[in-house]
Amino acid sequence: MKIGVIGGGQLGRMLALAGTPLGMSFAFLDPAPDACAQALGEHIRADYDDKDHLRRLADEVDLVTFEFESVPAETVAFLSQFVPVYPSAESLRIARDRWFEKSMFKDLGIPTPDFADIQSQADLDAAVASIGLPAVLKTRTLGYDGKGQKLLRKPADVSNAFAELGSVPCLLEGFVPFTGEVSLIAVRGRDGETCFYPLVHNSHESGILRLSVASSNHPLQALAEDYVGRVLKQLDYVGVLAFEFFEVDGGLKANEIAPRVHNSGHWTIEGAECSQFENHLRAVAGLPLGSTAKLGESAMLNFIGDVPPVEKVIAIEDCHLHHYGKAFKVGRKVGHATLRCPDRSTLDRQITAVESLIPHS
């Protein structure tokens, strides 16, 4: 089976690494000349709205998926005329737009921060008067890793904020005084079979994920599965979906979803019976889903900007290095390490050992 992937970054690369042992081959459509997934398959270098090359991709593969939500939903809709595409264009349309996303959560009874659609500075002023400060202004689309958003703490922060984010459609969200950030990785097959990985605790630095630690018997696991299940059913979703939550007052408030394999699920490569990447491919290909059970205690640490010396990383017991083969650049995810340990105290020590190799700003 040949899988087409829109996007050729590290997520596409890891999908191919998971799919190759299953007899799958890959073609990646990405405009970047140095797309890091190209080492694992055919690279069709073209823009995401290039219909001639999209049609070429469709003619070459058995089905198409995508590795990030900045792909236009129109691209997925176009491809769907010629080849199966999972997740669907409708799933992507909603997930890539924060207004559509938050509105869906509200309709499904999933708690969210207060939010408002912002089309102008006047809209922002009115929304701040209603929601209050602090609040977070985010572009409706294309924001990730802390980009496309601004924290508004005081009135002076509000005065020119709409222009500072490019005078594009935005969403204002009330600031959530959360006690933790968690994410749930779920996978749903073509037949509706659904599996969930354990909730993951996430830590960020400058808006970029730094550390994810898989939980054991988290008291909010069942609630998270309920909320995510509502979304999966609403979207008739196929593939892996990540749902990020804030822990608030013993419950959960929705942050956002990602209609793809996700950074906070990288621990599953070594830390689960079947990784999120293999399970995504199983789901979209119509194959039986694999077990999401943990293998010991697991965590993932991102390498941002550069990767520490390989020999130092792999000298740490229970540590597995994933180097993306990307040029080093400030603020860019260029690799990660996963840890799989027999118990939590060992895991904590090994996390500290890996963190000692990472320069922090």
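The model is predicted, so local features need pLDDT of at least 70 and side-chain atom pairs count only at pLDDT 80 or more, while totals for chains, interfaces and linings use all residues. Residues are numbered from 1 along each chain as its sequence is written, and side-chain values use heavy atoms, with hydrogens and water left out.

One of the salt bridges joins Glu256 to Arg98, with the closest N and O atoms 3.7 Å apart. This pair links distant parts of the chain: Glu256 lies in strand β14 (residues 251-258) and Arg98 in helix α5 (residues 98-107), 158 residues apart. Helices (H or I, at least four residues) and strands (E, at least two) are DSSP runs, numbered from the N terminus. Arg98 has a relative accessible area of 7%, so Arg98 is buried. Buried means under 20% relative accessible area, exposed over 50%, and partly exposed in between (1.4 Å probe, protein chains only).

Another salt bridge is formed by Lys150 and Glu164, whose closest N and O atoms are 3.2 Å apart. Here too the pair links distant parts of the chain, with Lys150 in strand β7 (residues 149-152) and Glu164 in helix α8 (residues 161-164), 14 residues apart. Glu164 counts as partly exposed because its relative accessibility is 48%.

The salt bridge of Arg230 with Asp226 has its closest N and O atoms 2.7 Å apart. Both residues are in helix α9 (residues 221-235); because they are four residues apart there, about one helical turn separates them. Arg230, at 27% relative accessibility, counts as partly exposed, and Asp226 counts as partly exposed at 34%. Elsewhere, salt bridges that share partners join Lys2, Glu42, Arg56 and Glu60 into one network.

Next come two helices. The axes of α1 (residues 10-19) and α11 (residues 276-284) come within 8 Å and cross at roughly 75°; axes are lines fitted to C-alpha atoms, for helices over the stretch in contact, and angles run from 0 to 180 degrees between N-to-C directions. The two helices are therefore roughly perpendicular, a term for angles of 65 to 115 degrees. On the α1 side the contact is made by Leu11, Met14, Leu15, Ala18 and Gly19, and on the α11 side by Phe277, Glu278, His280 and Leu281, where contact means heavy atoms within 4.5 Å.

In soluble globular proteins, nonpolar side chains tend to be buried together. The largest nonpolar core has 35 residues, and Phe26, Trp267 and Phe277 have the most contacts inside it. A nonpolar core is a set of buried Ala, Val, Leu, Ile, Met, Phe, Trp, Tyr and Cys residues joined through side-chain atoms within 4.5 Å. Elements giving two or more residues to this core include β1 (2-6), α1, β2 (25-29) and α11; α1 gives the most, with five residues. Apart from neighbours within four places in sequence, Phe277 is in contact with Leu11, Met14, Leu15, Ala18, Val261, His266 and Ile269. A second, separate core of 25 residues includes Met104, Ile110, Leu241 and Phe245.

Finally, Arg260 sits in the loop between β14 and α10 (268-271). With a relative accessible area of 13%, Arg260 is buried. Not counting residues up to four places away in sequence, Arg260 touches several residues, among them Leu11, Phe66, Tyr237 and Leu241.

Technical notes
Salt bridge = Lys/Arg side-chain N within 4 Å of Asp/Glu carboxyl O. Parallel < 35°, antiparallel > 145°, perpendicular 65-115°, else oblique.
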